[in-house]
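Dear colleague,

Please find the structure below, with its sequence. My notes on it follow.

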Amino acid sequence: MKIAKTKIVLTTNRAIIVFNILITMAIFSNICFAENVGKKQSAIKKGYETINCTIDEIKTIHTAFGILLDTVSIGFGAFQKCLSNAPLIEFSGSREQVSLTASEALKLNVLTKIHCYDAPKNVLAQARVSISGESMKVDRGFLRSYTNRAKAIAAVIAHEIMHNRGYRHKQNDFGSKYYLNTVPQQVLACVLTGNPNRSMGPKALTARLINNPTWVQANNNCLNACQSARYSPVISGSYQNKYDFYVCAHNLGNKGFRPGFNHKNEKRCSVGSGGDTHRSKNKYCLCNIPNINYRWVDAEQYDDCKATCIEDSLVPMATESYAGGGFFFICSVNAWKRGFRPGYNLQGTRKCVAGSGGDSVWRDLNKRCLCAE
Ligand SMILES: [Zn+2]
């Protein structure tokens, strides 16, 4: 069993908004608090059970559960929409499954055990991953300081429930760039603000690279983008010796970041899909960073890029698909025999797919794969 910890920082501004919502709720809510008085006690209510909590803590938890219930009953459509628009990482199966699991879990049909405790510094709550039922520990200090911010507590409880249901942020823990795109943290965002956290960009496949800024967001060409981050762009080849092809990625149709090409005379990333070349300025560029040596390796026609790199004891480079459907390995093809341009190779397939100057798409068995030492 793994224990996942939650740490979040709330801005003052947001707290004020949440406080206002709470006032509105208090006026229209029919919720009655337990009349019992006393120090620490346990209480079983509809949907949750508190353990070792004070009466004030129970009141706060009660309000938080009311908010959660509203989110997935009155606000069910908005919550579903928020989650279905959310960039997600660290999950298996489909996005629909995540959305379904989250909304089922937050219906509060399962009794949620809330243990009040004094957490270590900077920890708000803890929950075990993949258990039957729902159980978590919530920090007393958090409950106290957020007495008037029950929505924040509701959001953290939702985050912990997702841990109970098996979702985690193991590879992208608190403090890492992609933490905000993990399932528990996106569920938290959808409860707290009604909007998902924006995409943090394409994620390199290897664990080694996860916390490295190897992808740089760019509106300009990749040469400028990488140089302004004090790096150089990764180059696959040159177009008739006129200009170099740079590796970029674009989140085409919100279905995951696909590698494509960019060059110094072009601000957009060109990605091949279907029968068309799709171009977008909204892109990320792959840059050379210290301690990582990239190598383009000629692939056997019937190997995918994963097999190609592994055969040479190298690490295959890929972007992770937000659609949860595997990886887009980074490859290049010598289109029109005018130089190798970057594209993508889908996991388990043989061809490299690249955009073209025209609107056609290259799908070529003769490919090179981007691997890292
Ligand atoms: Zn967590």
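**Notes on the model**

Asparagine 122 sits in the loop that links strand 4 (112-117) to strand 5 (125-128). Please bear in mind throughout that the model is predicted.

**Confidence**

The average pLDDT of the protein is 82, and 82% of the residues score at least 70. Residues 7-39 have a pLDDT below 50, and this stretch makes 30 contacts in the model beyond near neighbours in sequence. Residues 207-211 also have a pLDDT below 50, with twelve contacts beyond near neighbours in sequence. I would ask you to read these two stretches with their pLDDT in mind.

Most residues other than glycine have a negative phi. Asparagine 122, although not a glycine, has a positive phi of about 70°. Asparagine 122 counts as exposed because 12 other C-beta atoms lie within 10 Å, the cut-off for an exposed residue being 12 or fewer.

Asparagine 241 also has a positive phi, near 60°. Asparagine 241 belongs to the loop between strand 9 (235-239) and strand 10 (243-251). With 9 other C-beta atoms within 10 Å, asparagine 241 is exposed.

**Helix 2 and helix 6**

Two packed helices are described by the angle between their axes and the distance between the axes. For helix 2 (residues 55-72) and helix 6 (residues 150-164), the axes come within 8 Å and cross at roughly 70°. The two helices, helix 2 and helix 6, are therefore roughly perpendicular to each other, as angles of 65 to 115 degrees are counted in that class.

On the side of helix 2, the contact involves Thr60, Thr63, Ala64, Ile67 and Leu68. These meet Ala150, Lys151, Ile153, Ala154, Ile157 and Ala158 of helix 6. By type, the residues of this contact between helix 2 and helix 6 are eight nonpolar, two polar and one charged.

**Helix 7**

How many of the residues of helix 7 (residues 183-192) are buried? Ten of its ten residues are buried, and helix 7 is thus mostly covered. Among them are Val183, Gln185, Gln186, Cys190 and Leu192. The buried residues of helix 7 pack against helix 2, helix 3 (76-84), helix 4 (95-105) and helix 6. After helix 7 comes glycine 194, with a positive phi near 85°.

**Strand 10 and its partners**

Strand 10 is mostly covered, with seven of its nine residues buried. Which strands pair with strand 10? They are strand 9, strand 11 (residues 257-262) and strand 14 (residues 283-288).

- Strand 9 pairs with strand 10 in the antiparallel sense, over four bridges. Tyrosine 239 has tyrosine 243 of strand 10 as its bridge partner. The hairpin formed by strand 9 and strand 10 has three residues between the strands, and glutamine 240 in the turn has a positive phi of about 45°.
- Strand 11 runs antiparallel to strand 10 and is joined to it by six bridges. Alanine 249 stands opposite proline 259 in strand 11. Five residues lie between the strands of this hairpin of strand 10 and strand 11, where glycine 253 takes a positive phi near 60°.
- Strand 14 is antiparallel to strand 10, with two bridges joining them. Alanine 249 has tyrosine 284 in strand 14 as its bridge partner.

With kind regards

How values were computed
Residues numbered from 1 in each chain as written. Predicted model: local features only at pLDDT ≥ 70, side-chain atom pairs only at ≥ 80, totals over all residues. Buried ≥ 20, exposed ≤ 12 C-beta atoms within 10 Å, placed from the backbone. Axes fitted to C-alpha atoms, helices over the stretch in contact; angles between N-to-C directions. Parallel < 35°, antiparallel > 145°, perpendicular 65-115°, else oblique. Contact = placed C-beta atoms within 7 Å. Nonpolar A, V, L, I, M, F, W, Y, C, P; charged D, E, K, R; others polar. Pairing = 2+ DSSP bridges. pLDDT = per-residue confidence, 0-100.
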